[in-house]
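Visitor: Please show me the model, and let us go through the terms used to describe it.

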Amino acid sequence: MIQTEAIVLHGFDYRETSRIVRLATREVGVVSALARGAKRPKSRYGQGLDLFTSGIAHLTIHPTRDLHTLTGFDASRARPRLAASLHRFAASAALAELCLRFGPEDDSGAIHDVLSAGLDAIGEAADVVVVERTLAAGWRLIAELGFAPSLDTCAACHRPLDAEDEVRFAHRAGGALCRLCAALAPGARALPAEPRHALLTWSRAERMEGIEGPTARAHLRLFREFVEEHLADGRQLKAWSAWERGIA
Ligand SMILES: [Zn+2]
């Protein structure tokens, strides 16, 4: 049995009275666990298994199985604000989806920590900065997992890139390309100086002003395509693209 900080990423009913939850934990990464009796009115989990709640999970790990047993969950922080606005909820769901998809790549608890900070930032954000906070958390996650894009040097030849240059961004190459390398990389997208500056800001874990409309959609698409290229399993990020499409 272990006790570890955890965040509820996802949950669904299982049989009459139980639930299966996906948790981002600090100690054992992203796991699935059976919460027996969680649907009973006086369950030992209380309201603790609501989406995006942080707490201490009591887990019995079954080393040979993918489904573990959750024997208790001491909620320490519910995040009701995330469900109170569609915009925040969609952003949180997109972030949770990333964590689920990257679960197998995390053995250091990075996902838990980035998600916790990201959900808090989304919860506190004014509407106008929700997209910015979510992208910041998304790029943070990428950096923590060790595949941040190359932005100030060419991803192919490592030549330094001038901060004012419009460069090309190639998902497959893993970042920005100089003019010469871009000519050899069909399909690379134009990445003007301003959005590249935004990516550099997020890569330093700094914050920016809010981004909206077409700028927000372009950033969300760039991020999604980068992630899908990395995951390379042909599956779309559904929650992420639904959110992206819904940005006015
Ligand atoms: Zn180059």
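Guide: Strands here are DSSP runs of at least two residues, numbered from the N terminus, and two strands pair if DSSP finds at least two bridges between them. The model is a predicted one. In the hairpin of E1 and E2, 3 residues lie between the strands, and Arg15 has a positive phi near 55 degrees.

Visitor: How do you know that E1 and E2 pair?

Guide: At least two bridges are needed; strand E1 (residues 2-14) and strand E2 (residues 18-25) have 8 bridges, in the antiparallel sense. Val8 stands opposite Leu23 in E2.

Visitor: What makes E2 and E3 a pair?

Guide: The cut-off is again at least two bridges, and E2 and strand E3 (residues 30-35) are joined in the antiparallel sense over 6 bridges. Ile20 is opposite Leu34 in E3. The hairpin of E2 and E3 has 4 residues between the strands, with Gly29 in the turn at a positive phi of about 70 degrees.

Visitor: Why are H2 and H8 called roughly antiparallel?

Guide: Helix H2 (residues 86-102) and helix H8 (residues 238-246) pack at an angle of about 150 degrees, their axes 8 Å apart. Angles over 145 degrees count as roughly antiparallel, and H2 and H8 are therefore roughly antiparallel to each other. The crossing of H2 past H8 is left-handed.

Visitor: Which residues of H2 and H8 meet?

Guide: Ala90, Ala91, Ala93, Ala94 and Glu97 in H2 meet Ala239, Trp240, Trp243 and Gly246 in H8. Of the residues in this contact of H2 with H8, 7 are nonpolar, 1 is polar and 1 is charged.

Key: Residues numbered from 1 in each chain as written. Predicted model: local features only at pLDDT ≥ 70, side-chain atom pairs only at ≥ 80, totals over all residues. Axes fitted to C-alpha atoms, helices over the stretch in contact; angles between N-to-C directions. Parallel < 35°, antiparallel > 145°, perpendicular 65-115°, else oblique. Left-handed = near helix turned anticlockwise from the far one by under 90°. Contact = placed C-beta atoms within 7 Å. Nonpolar A, V, L, I, M, F, W, Y, C, P; charged D, E, K, R; others polar.
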